[in-house]
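Subject: Structure handover

Hello,

I am passing on the structure below. My notes on it follow.

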Amino acid sequence: MEASRNSPCRFVVDTMLGRLAKWLRLLGFDTLYQQHYAATTLHSFINDGRCLVTRSRKRLEEFSEAVCLNSESVGHQLGELQDKGLFSPPPEPFSRCIRCNMVLVETDPLAAKGEVPDYVIHTTATKMRQCPSCNRYYWPGTHRARMEAQLHHWGIKFTPP
Ligand SMILES: [Zn+2]
């Protein structure tokens, strides 16, 4: 990694690391993931400045720039990336769709009426966000609080929004 990087790392995550991809997106990192990538596709992502994350030694032989994780647990995998300095600077957590990797856009909570529980509309005021791709709604609440607690438990540093 170049020392002069001043925007958050962008990742492409290898096969079998779907859970890691979800947590990276939740932390706000631009993270590409699908079941299978052709080698040529991975090369073009790397040339585009993405960091390839893998658990495969074989992959590491083919892609010397790849970051190879040792741990099987997602919490430890995040810790490994953090220890390598890849979480600095941090992106805005909870700013991306964990399914599509799209940046969420703020939306009028009233527009979400019928799509989310009623109490959400009345308690979160203007904090409602939506994925422009899958239209899923995101808002601060107990679900997010649980995820924040999990990150703290794993020792992952992030700036609560
Ligand atoms: Zn989405």
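The zinc ion is held by four SG atoms, those of Cys97, Cys100, Cys131 and Cys134, at 2.3 to 2.4 Å. Donors here are N, O and S atoms within 2.8 Å of the metal (3.2 Å for Na, K and Ca); water is not among the atoms, so sites may look incomplete. The arrangement is tetrahedral because the four donor atoms subtend angles of 105 to 115° around the zinc ion; four donors count as tetrahedral if all angles lie between 85 and 135 degrees.

This is a predicted model: local features need pLDDT of at least 70 and side-chain atom pairs count only at pLDDT 80 or more, while totals for chains, interfaces and linings use all residues. Residues are numbered from 1 along each chain as its sequence is written, and side-chain values use heavy atoms, with hydrogens and water left out.

The spacing of the donor residues in sequence is C-x2-C-x30-C-x2-C. Cys100, in the loop between helix H4 (74-83) and strand S5 (105-106), and Cys131, in the loop between strand S6 (129-130) and strand S7 (137-138), are 31 residues apart, and the pair links distant parts of the chain. Helices (H or I, at least four residues) and strands (E, at least two) are DSSP runs, numbered from the N terminus.

Strands S5, S6 and S7 form, in that order, an open sheet with antiparallel pairing; two strands pair if DSSP finds at least two bridges between them. S5 and S7 are the edge strands, each pairing on one side only. S6 is joined to S7 by two bridges, and Arg129 lies opposite Tyr138 in S7.

Regards

Terms used
Tetrahedral: all angles 85-135°; square planar, octahedral: opposite > 155°, others 65-115°.
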